[in-house]
Amino acid sequence: MAFWSKKRKIEHNAVPRHIAIIMDGNGRWAKKRGLPRRYGHRVGAKVFRRIATYCKEIGVQYITVYAFSTENWKRPQDEVEAIMELLCEYLDTALAEFEENRIRLCFLGDRTPLSDKLKAKMAEVEEKSKKYTTVCNIALNYGGRAEILHAARALLEAGEEPTEENFSRHLYTAGQPDPDLIIRPSGELRLSNFLLWQCAYSEFYFTDVLWPDFTPAELDRAVADYNGRKRRYGGV
């Protein structure tokens, strides 16, 4: 455990059970420094591991990060290929770190268009980490609208009554609580098709900090802001 986490852990009087993050700004971070966009994604992956571990240390039980959306296939081919190569490389090195910190890795999204190599690595890390109770979801080839359609089709095929409870059981996040707090770095003020069903009563936190510059201190600020809000869920 990093030295700063022991000190900060006691400062959070209401840690969200589930934090979701849109990891945005990698390309812009690299461009500002005259570097290839792929370098920004590489740095962003390191930041993800650090933030996921810090979330576990302060008591967050579920972390969901937006890694690659269904719309990201529209990016330049070389960038998409670099991201997919990075993911394969990342899964080779990250599993040991997440096992050391006792974090379960799960993947949300449609795996169909992914390479067989990447799909095999995803299945491997899910299997090896499934014994842990702190969950880190990686949304990969994920879209909120696509997830809703997927769940609706599954509900129809199962012949179940269309209730919220039944519908939720067919989402990628089935069995998990909805996010309490959704964080978006990079200055953008939108969800970008992320967790559209699950965000009904989430609190939102936006910051201009680009994802590669996002630190545990930035997460502290988001949690402190969350602690200052009143969650009424439609009540008084």
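Modeller: A salt bridge is a side-chain nitrogen of Lys or Arg within 4 Å of a carboxyl oxygen of Asp or Glu, and with that in hand we can read this structure, which is a predicted model.

Colleague: Which residues are linked in a network of salt bridges?

Modeller: The general idea is that side chains of opposite charge can pair when their charged atoms come close. In this structure, such pairs link Asp24, Arg28, Arg184, Glu188 and Arg190 in a network, while a search of the whole structure finds 18 salt bridges.

Colleague: Are arginine 184 and aspartate 24 buried or exposed?

Modeller: Both arginine 184 and aspartate 24 are buried.

Colleague: What does the salt bridge between aspartate 213 and arginine 33 tie together?

Modeller: Here the side chains meet at 3.8 Å, N to O. Because aspartate 213 lies in the loop between β6 (203-206) and α8 (216-227), and arginine 33 in the loop between α2 and α3 (37-58), the pair ties together parts that are 180 residues apart in sequence. Aspartate 213 is partly exposed, at 34% relative accessibility, and arginine 33 is also partly exposed, with a relative accessible area of 39%.

Colleague: Where do lysine 128 and glutamate 124 lie?

Modeller: Lysine 128 and glutamate 124 both lie in helix α5 (residues 116-129), where they are four residues apart, about one turn of the helix. Their side chains form a salt bridge with an N to O distance of 2.9 Å. Lysine 128 counts as partly exposed at 39% relative accessibility, and glutamate 124 is partly exposed at 37%.

Colleague: Turning to nonpolar residues, how many residues has the largest nonpolar core, and which helix gives the most to this core?

Modeller: The largest nonpolar core has 49 residues, and those with the most contacts inside it are Phe48, Leu118, Ile183 and Leu219. Helix α4 (residues 77-100) gives the most to this core, contributing eleven residues. If neighbours within four places in sequence are left aside, leucine 219 is in contact with Ile19, Tyr54, Cys55, Ile58, Ile183 and Phe214.

Colleague: Which residues does the second, separate core include?

Modeller: That second core has eleven residues, among them Tyr66, Tyr142, Ile182 and Cys199.

Definitions and conventions:
Residues are numbered from 1 along each chain as its sequence is written. This is a predicted model: local features need pLDDT of at least 70, side-chain atom pairs count only at pLDDT 80 or more; totals for chains, interfaces and linings use all residues. Side-chain values use heavy atoms; hydrogens and water are left out. Buried means under 20% relative accessible area, exposed over 50%, partly exposed in between (1.4 Å probe, protein chains only). Helices (H or I, at least four residues) and strands (E, at least two) are DSSP runs, numbered from the N terminus. A nonpolar core is a set of buried Ala, Val, Leu, Ile, Met, Phe, Trp, Tyr and Cys residues joined through side-chain atoms within 4.5 Å. Contact means heavy atoms within 4.5 Å.
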